[in-house]
Every structure is written in structure tokens, then in C-alpha cells.
Amino acid sequence: MEDQERPIEKVDIAGENVHWDLREDMSYAGYLQLEKLLSVQVPRTDKHDEAMFLMVHQVSELWIKLALHEVGAAMDLIRKDTLEPAFKMLTRVSHVQEQLKCVWDVISTMTPADYVAFRDALGHASGFQSYQYRILEFRLGNKNAELIEVHRHEPEVFAEVKGALQAPSIYDEALRLLGRRGFDVPEERLERDWSEPYRSHPAVEQAWLRVYRQSEKYWDLYELAEKLVDVEDHFHQWRFRHMKTVERIIGFKRGTGGTSGVGFLRKALDLRFFPELWSVRTSL
């Protein structure tokens, strides 16, 4: 009984030199611009689950923004043949993708009835229209010129997405690096129409096979290859979790953006960003 009646002790902050008066200094809320950040969660209905749905998607866009920041910086380093710092960035991308995958666990707490209660308020708004996601996908190599059309109504966004479509992907930069290092990479894989999807080539697989078989000699290229595989692996896990969550909540209904929903998401599971990095495993 004595233990049950003992009051909870307060944390002793004596001597901690806490900065209490922040009127003239940078505060946590000020640095993060919390007032602005927390003011943009504006559900369109009074249904309880819409707040969660809205916030999870906003958080996802922030994670994608970070992934774009890291992938872009890693590509710059690959172009400069400075690989070691790029490895940390690509590792960070994989961890960001873990966070993106986990948001589906939060969304999956919503039942079909919960979602139906506010779905009509979304109109045609859909994750299919996420321009940050599309840029990330293009930078990883999944090029499809048709997909930029959904952004044509926003000229600045359209130009940014189109720029990513027409620029080399991170895999293109990796192959150019192989070429600079003396590997026999076909010229048509080093200079091409970057807006077209990459197509695998036996000579490229042979180049990666040489890297894998002589990993001690080409350690940085070997590590680059594995970092890229990590990124693609996590990306596919994210896609799979997305597909299963959609199936769980809306079944086989069409998506709000007009796609076939689960059917469309299933198609994406078969896509490969870095095909020779997967096929080389069979050849080893």
C-alpha cells in the first residue's frame, strides 16, 4: 500500500540551465515553423478518420521530399566519381522508404466503412497525382512520358516533372560511371533519349558481373550496386504494402484518380529500375 500511495516523482531540472525566455531567440516552434506547418491540416468533412488520412499523406510528401533531396545529391556525387558520401545518402533513402512503408500500417487501421464516409469529398484527388513521387520515380529510372500529362494544368510543376523525365536517372549515371572507369558499356546506353525507359543489355550485365566477381578490386562500384539494390528493394516493398492496403480498404473499386486501383498498383510491382543488378545474381 505504501508504494501505491507514493507520489510520482518529478524530474529534477535543477542545474539544467534551461533557456526559459525565448522572446529574442530561435525557438523549436520557430525553427520548424510549426504555426504554418500545423495550420494546413484542413479536413473537408467532420468524419473522424479523414484527419488521419490527410495527415499521413502530408507526412508522406515530406518523406518523399527528403528522398528527392538525398537521391539528387547522390547523383551529383556519382557524376563526380565521389562515391563514399553517396553511400550514406542512398542508405538514408532506404530508411526513408521504411518510414513510407510504415504509413500504410497507420492507414490500414481505417475500415472500408470509415473511408467511404469521406471518400466522395476527395473528388478526383489521388496519390497518382503526386508530382514529388513522379519525380522520384523518374530519377530512379521508371520513365513514362504519358504520366506527366496529369500535371499539365500546373505549368511550373509540369516543367519540373518533365525535366526529371528528360534527365538521366541515377542508374544512367551509374552506367556512365562504369563507362568512365573503362568497363565495356554500349554507347547507346551511355547517350540516349533519357525520357525513354531503360532497356537491359547483355553487355551491361557482363560489366556488373565483372564488378561482382572482383568485388575487392572494384569495391566502391560493388557497394554502389548494392546500395541501388537496397533502394529498389525498399521501393517495391513500399509499393506492395500500398497495393495490399488499398485492396483491404476499397477492394477492387477504381481509384479516385481514375485508375483501376489495385489492378494498376499490381502492374507496377513487375517493374524494374536496375534490371542488370537483379539478373546478374543468376549469372554469378
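**Exercise 1. Work out how the lining of the second largest pocket divides by residue class.**

*Solution.* Start with the model itself: it is predicted, so local features need pLDDT of at least 70 and side-chain atom pairs count only at pLDDT 80 or more, while totals for chains, interfaces and linings use all residues. Residues are numbered from 1 along each chain as its sequence is written, and side-chain values use heavy atoms, with hydrogens and water left out.

Step 1: list the lining. Leu37, Leu38, Val40, Gln41, Met55, Gln58, Val59, Leu62, Lys65 and Leu66 line this pocket. A pocket here is an open set of points on a 1 Å grid over the protein atoms alone, with protein on both sides within 12 Å along at least five of seven lines; lining residues have an atom within 4 Å of a point.

Step 2: sort the residues. Ala, Val, Leu, Ile, Met, Phe, Trp, Tyr, Cys and Pro count as nonpolar, Asp, Glu, Lys and Arg as charged, and the others, Gly among them, as polar.

Step 3: Helix α4 (residues 48-79) gives the largest share of the lining, six residues; helices (H or I, at least four residues) and strands (E, at least two) are DSSP runs, numbered from the N terminus. The pocket has a volume of about 280 Å³, a volume being the space filled by probe spheres set on the grid points, which are joined across faces, edges and corners.

**Exercise 2. Find the cavities of 30 Å³ or more in the whole structure and describe their linings.**

*Solution.* Step 1: count them. The search finds two, where a cavity is a set of points at which a 1.4 Å probe fits but cannot get out.

Step 1: take the largest cavity, with a volume of about 50 Å³. Ile64, Gln97, Leu100, Tyr133, Leu136, Phe235 and Trp238 line it. Two or more of these residues come from each of α5 (84-107), α7 (131-140) and α12. Six are nonpolar, one is polar and none is charged.

Step 2: turn to the second largest cavity, of about 40 Å³. Its lining includes Lys143, Asp172, Arg192 and Trp194, and divides into five nonpolar, two polar and three charged residues.

**Exercise 3. Describe how α12 and α14 are placed relative to each other.**

*Solution.* Step 1: look at the axes, which are lines fitted to C-alpha atoms, for helices over the stretch in contact, with angles running from 0 to 180 degrees between N-to-C directions. The axes of α12 and helix α14 (residues 275-283) come within 9 Å and cross at roughly 110°.

Step 1: classify the angle. The two helices are therefore roughly perpendicular (65 to 115 degrees) to each other.

Step 2: identify the contact (heavy atoms within 4.5 Å). From α12 come Ala225, Glu226, Leu228, Val229, Glu232 and Asp233, and from α14 come Leu277, Trp278 and Arg281. These divide into five nonpolar, no polar and four charged residues.

Step 3: check burial in α14. Pro275, Glu276, Leu277 and Val280 are buried, meaning under 20% relative accessible area with a 1.4 Å probe, protein chains only. The buried residues of α14 pack against α9 (170-180), α11 (202-213) and α12.

**Exercise 4. Is Thr259 buried or exposed (over 50% relative accessible area)?**

*Solution.* Step 1: locate Thr259 in the loop between α12 (219-250) and α13 (262-268).

Step 1: read its accessibility. Thr259 has a relative accessible area of 18%, so Thr259 is buried.

Step 2: name its neighbours. Not counting residues up to four places away in sequence, Thr259 touches Phe128, Arg254 and Phe264.

Conventions: Parallel < 35°, antiparallel > 145°, perpendicular 65-115°, else oblique.
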